[in-house]
Amino acid sequence: MIPGLKIGTKEEKVKRFYLNRRQKTLLTIVVATIILLSVVVGGAMLDQERIATNLNERNLPPSLKHLFGTDWLGRDMFTRTIMGLSLSMGVGLIGAIGSTSIALVLGMVSATMGKMADRLITWLIDLFLSVPHLVTLILIAFTLGGGFKGIVIGLMLTHWPSLARVIRAEVMQIRSAEYVQISQQMGKSSWWIAVHHIFPHLIPQLLIGFMLMFPHVILHEAAVTFLGLGLSPHEPAIGIILSESMKYLSSGMWWLAFFPGLCLLIIVRTFETIGENFRMLIDPTRANEK
Amino acid sequence: MYMDMVGRQQTTLPTGNGVNNVRKNIGVKISKFLLMKGLRMLTLLFAICLISFLLIKNSPIDPIQAYVGADMIKVSPEQREKIAEYWGLDQPVMVQFFSWLSALLSGDLGTSMIFRRPVSEIIGERFWNSLVLMLTAWILSGVIGFVMGVVSAMKKDTWIDRIIKWYCYTLASTPTFWMGLLMLIVFAVWLGWFPIGLGVPTGVLAEDVTLADRLQHLILPAMTLSILGVANVALHTRQKLIDVLASDYVLFARARGERGFLLFWRHGLRNVALPAITLQFAAFSELFGGAVLAEQVFSYPGLGQATVEAGLRGDVPLLLGLVLFSTIFVFAGNLIADMIYYVVDPRTRESRTI
């Protein structure tokens with residue numbers, strides 16, 4: 001394809017007013033950060049009083065006073081949602097950081113420590129990919145007796161394999177580069193090479209991997225909590241809110257399920273967009289896409 | 001680790017001896033390939049058996065208490081020891097594991113604690129429910145996703161492409177269970193077209209349940225799964241087709257005056273159908289995960305719901321059985337995907353060390 005042939009002069013003039021990908025990505029990042037921060041700060045700032053039981057205001061549909069309506073105990077759904085989101089993001093952050101670290105370590109070890117280690121880790125990756133994520137999560141959460149610890153460890157242990165594969169391939173590529181081989185000839189230890197030559201090249205991949213993993217971690221956390229195997233019912237998590245709302249759906253209280261889920265979707269989608277934008281910026285074959 | 005062996009054997013095979021020789025070798029190669037895959041699966045399954053067994057052994061749930069349930073107060077320590085002895089719970093862990101494994105190999109998955117029936121029976125029964133659901137969703141999402149991807153790629157950078165792309169990215173980040181809840185609100189509560197849940201109507205004898213009843217209960221969960229499942233296939237197909245359309249042979253075809261549907265039919269379809277089909281088979285893992293959530297939302301009596309029940313109520317034999325079963329299910333999907341690639345695409349036979 002030869003894009004230059006198709007673009008007319010008129011289009012080119014219009015194009016000047018659009019933001020290019022870098023500017024767009026920057027804008028998205030700023031917006032996402034603002035959303036993220038406001039949710040986190042909001043979750044911390046909002047006082048518990050707003051979700052206190054208030055039997056005078058039960059089952060109210062959305063209004064200006066209660067943006068997302070109230071539940072069967074008169075708790076403000078907006079406040080509960082924001083608190084749930086900030087909790088979800090906290091859990092997601094820990095899970096994603098843990099998973100990225102596992103992927104980094106295993107990917108590096110697999111690519112540098114010789115054939116046996118490589119086979120072992122490839123096999124391990126296959127092992128984790130051969131059980132459905134959700135079933136693994138249920139199994140781990142069950143083993144650890146549910147709760148915060150169970151879900152975080154479960155999330156850490158289930159999301160690393162695909163990123164580890166990417167990192168392994170990347171490390172193998174870097175390792176065959178000339179400067180690494182020269183460094184080896186000069187007698188640098190493999191640890192030194194790993195830290196000074198390989199790791200800096202992995203940072204962009206890690207960042208993208210992290211950004212793209214984060215939304216999945218949040219979704220899985222919400223899913224497992226929804227199933228009743230994750231966070232305890234006393235926490236204001238999104239999964240809990242949604243699973244509680246199921247009991248009230250048949251009485252037509254749609255706002256209990258609609259708004260919290262929508263907010264979760266927006267948060268997840270924002271992260272996904274940033275990750276995708278980052279990836280397109282870095283991947284040379286796709287950098288020219290609109 | 002077996003894959004390297006396959007690769008080595010392949011490279012030693014004569015490739016330059018003409019077409020006939022290669023043809024003859026394909027049968028041998030495929031059986032070898034299957035054998036190696038089978039061996040690999042056995043090692044993985046064994047590891048999964050061991051790991052999940054050890055995990056569950058170390059869980060805080062006491063198997064005797066889980067079995068006896070509410071009558072635990074009436075059980076004296078002596079009786080407790082008897083039960084433990086009867087079940088071999090006083091043996092070392094590895095002895096327990098191997099006795100469990102040998103029972104497993106003879107087809108005995110144990111007895112479910114919540115259903116009080118053999119695990120294999122429950123899995124067999126529920127598998128059909130789940131299979132119908134997953135198969136419907138699988139085919140629907142595959143076909144719709146493929147068409148969407150093709151349309152989007154053929155009309156690249158137009159409004160329809162943007163809509164499809166936006167839709168797919170949004171779907172990819174939609175929680176499955178929330179989608180299910182929305183479906184329930186709209187179609188079951190507001191419109192009242194479909195029942196709120198379960199696999200069959202309540203208060204009707206098992207013999208009286210008609211096919212129409214079952215279908216009616218199937219539609220909502222299947223729709224939820226299909227709507228969410230299209231994203232992956234559509235985006236993948238779009239990307240592949242864009243690559244194909246940028247190739248020299250398509251440029252030449254365009255120069256000859258081919259365009260639109262005919263161009264796609266002659267040069268695009270076969271090139272993008274294969275990756276899409278393979279992707280669908282490889283997505284069994286996500287399909288199963290989605291089914292777990294959808295079944296839970298709609299109280300549909302399938303494998304997923306059984307998994308959640310087993311996890312929530314500490315039914316160890318059932319949970320172990322389901323973990324193994326889902327692994328085999330996912331593995332079958334991956335195997336079919338690899339097979340299709342291996343049989344249909346000659347390039348993978350030549351170069352890739354599977």
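Predicted model: local features only at pLDDT ≥ 70, side-chain atom pairs only at ≥ 80, totals over all residues.
**Exercise 1. The interface**

How many salt bridges does the rule find across the interface of chain B and chain A?

Residues are numbered from 1 along each chain as its sequence is written, chains are lettered from A and ligands numbered from 1 in the order in which they are written, and side-chain values use heavy atoms, with hydrogens and water left out.

*Solution.* 

Step 1. Start with contacts (heavy atoms within 4.5 Å). On the chain B side there are 55 residues touching 47 residues of chain A.

Step 2. Now the buried area, i.e. the accessible area (1.4 Å probe) that two parts lose on being put together, summed over both. Chains B and A bury about 4,500 Å² between them, and 75% of it sits on carbon and sulfur atoms. In chain B, the residues that lose the most area to chain A are Tyr169(B), Phe177(B) and Trp178(B), together 14% of what that side buries.

Step 3. Apply the salt-bridge rule: a side-chain nitrogen of Lys or Arg within 4 Å of a carboxyl oxygen of Asp or Glu. Across this interface the rule gives 1 salt bridge. Arg40(B) and Asp126(A) have side chains that meet in a salt bridge, at 2.2 Å from N to O.

Step 4. Ask which elements of chain B do the touching. Helices here are DSSP runs (H or I, at least four residues), strands are runs of E (at least two), and both are numbered from the N terminus. Elements that give two or more residues to the side touching chain A include α1 (2–12), α2 (19–57) and α7 (159–172) of chain B. The most comes from α2(B), with 9 residues.

Step 5. Sort that side by class: it has 34 nonpolar, 16 polar and 5 charged residues. Here Ala, Val, Leu, Ile, Met, Phe, Trp, Tyr, Cys and Pro count as nonpolar, Asp, Glu, Lys and Arg as charged, and the others, Gly among them, as polar.

**Exercise 2. Following Asp126(A)**

*Solution.* 

Step 1. Within chain A, the side chain of Asp126(A) meets that of Arg165(A) in a salt bridge (3.1 Å, N to O). Asp126(A) lies in helix α5 (residues 115–129) and Arg165(A) in helix α8 (residues 161–175) of chain A, so this pair ties together parts 39 residues apart in sequence.

Step 2. Check burial: buried means under 20% relative accessible area, exposed over 50%, partly exposed in between (1.4 Å probe, protein chains only). Asp126(A) is buried at 16% relative accessible area, whereas Arg165(A) is partly exposed at 41%.

**Exercise 3. Other salt bridges**

How many salt bridges does the structure hold over all chains?

*Solution.* 

Step 1. The total over all chains is 6.

Step 2. Glu244(A) and Arg80(A) pair up through their side chains, at 3.3 Å from N to O. Glu244(A) lies in helix α11 (residues 238–245) and Arg80(A) in helix α4 (residues 77–112) of chain A, so the pair ties together parts 164 residues apart in sequence. Both Glu244(A) and Arg80(A) are buried.

Step 3. In chain B, Asp157(B) forms a salt bridge with Lys156(B), their closest N and O atoms being 4.0 Å apart. Asp157(B) is partly exposed at 34% relative accessible area, and Lys156(B) is partly exposed too, at 26%.

**Exercise 4. A helix in chain B**

Why is α13(B) largely enclosed by the rest of the structure?

*Solution.* 

Step 1. Count the buried residues: 8 of the 11 residues of α13(B) are buried, so the helix is largely enclosed. Among them are Leu303(B), Ala306(B) and Val308(B).

Step 2. Find the packing partners. The buried residues of α13(B) pack against α6 (133–143) and α10 (190–227) of chain A, together with α6 (119–154), α12 and α14 of chain B.

Step 3. Look just past the end: Gly314(B) takes a positive phi of about 70 degrees.

**Exercise 5. Chain A overall**

How many helices and strands does chain A have?

*Solution.* 

Step 1. Chain A comes to 12 helices and 0 strands.

Step 2. Of its 290 residues, 49% are buried.

Step 3. Zoom in on Thr270(A), in helix α12 (residues 255–282) of chain A. Thr270(A) is buried at 15% relative accessible area. Beyond its neighbours within four places in sequence, Thr270(A) is in contact with Ala32(A) and Ile35(A).
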